[in-house]
Amino acid sequence: MLAPGVDWATLHQAVQAIASGLQPFTLPPMQVERLDDFLALVPMASAAAQAPIHQAAAACVTQLQPLAAALPPAELARRRAGGLTPRQDELLQRWGYPFVLEEFRFHMSLTGPLSLVHADAQALVHDAAEQFFADLPPLKFNSLALFAEPTPGADFVLLDHLEMGA
């Protein structure tokens with residue numbers, strides 16, 4: 001949610017400024033991995049090879065957070081109840097999310113909660129995902145996408161793609 005007085009044009013300009021300040025790059029090779037209770041594609045590369053991803057994420061967080069509304073107290077309490085480390089709690093309070101900056105781990109979610117299905121089905125899904133994504137071509141990271149959530153819980157709607165380095 002945007003902060004009071006912040007409109008679409010202001011947000012769009014801020015995202016455009018971030019995108020123009022970033023250079024396109026190719027993501028490191030990806031692999032299927034289980035993260036907590038879901039499957040995701042994650043980079044196989046070293047931290048150094050992931051630096052461009054982290055730089056882009058940090059720029060988005062630090063430059064766009066001032067445009068965001070503060071978390072409602074109930075949402076802050078819900079997120080804090082999740083067993084955060086002291087640093088994650090600090091990041092949550094400062095940036096509105098605990099897994100940013102050095103706590104950020106780039107991933108592309110592939111499934112919802114796996115605990116909702118039987119262990120045999122989990123294994124089948126994991127194997128199928130590994131097979132499906134085994135020959136994934138190099139992925140170019142060359143734009144930032146701006147999405148909106150029309151109402152809480154609704155599907156996100158793509159508003160714009162902003163080319164990096166433009």
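Helices (DSSP runs of H or I, at least four residues) and strands (DSSP runs of E, at least two) are numbered from the N terminus. The model shown is predicted: local features need pLDDT of at least 70, side-chain atom pairs count only at pLDDT 80 or more, and totals for chains, interfaces and linings use all residues. Residues are numbered from 1 along each chain as its sequence is written, and side-chain values use heavy atoms, with hydrogens and water left out.

**View A. Threonine 10 in helix α1.** Helix α1 spans residues 8-21 and contains threonine 10. This residue has a relative accessible area of 32% and is therefore partly exposed; the class lies between buried (under 20% relative accessible area) and exposed (over 50%), with a 1.4 Å probe and protein chains only. Between the C-alpha atoms of threonine 10 and methionine 44 the separation is 36 Å, the two residues being 34 apart along the chain.

**View B. A nonpolar surface patch of Trp8, Val157 and Leu159.** Together these three residues present about 270 Å² of accessible area, a quantity that comes from the Shrake-Rupley method with a 1.4 Å probe, where for residues only the protein chains shown count as cover. Patches consist of residues with over 30% relative accessible area and no salt bridge; nonpolar side chains (Val, Leu, Ile, Met, Phe, Trp, Tyr) are joined within 5 Å and like charges within 9 Å. Valine 157 belongs to strand β7, residues 157-163, and counts as partly exposed at 38% relative accessibility.

**View C. The salt bridge between arginine 105 and glutamate 33.** A salt bridge is a side-chain nitrogen of Lys or Arg within 4 Å of a carboxyl oxygen of Asp or Glu, and the count by this rule is 7. In the pair shown, the N to O distance is 2.5 Å. Arginine 105 is partly exposed at 42% relative accessible area, as is glutamate 33 at 22%.

**View D. A salt-bridge network of Glu75, Arg78 and Arg79**. Glutamate 75 meets arginine 78, with the closest N and O atoms 2.6 Å apart. Because these two residues are 3 apart in helix α3 (residues 73-80), about one helical turn separates them. Glutamate 75 also forms a salt bridge with arginine 79 (2.6 Å, N to O); that pair is 4 residues apart in helix α3, so it too is separated by about one helical turn. Arginine 78 is exposed, at 54% relative accessibility, whereas arginine 79 is partly exposed, at 24%.
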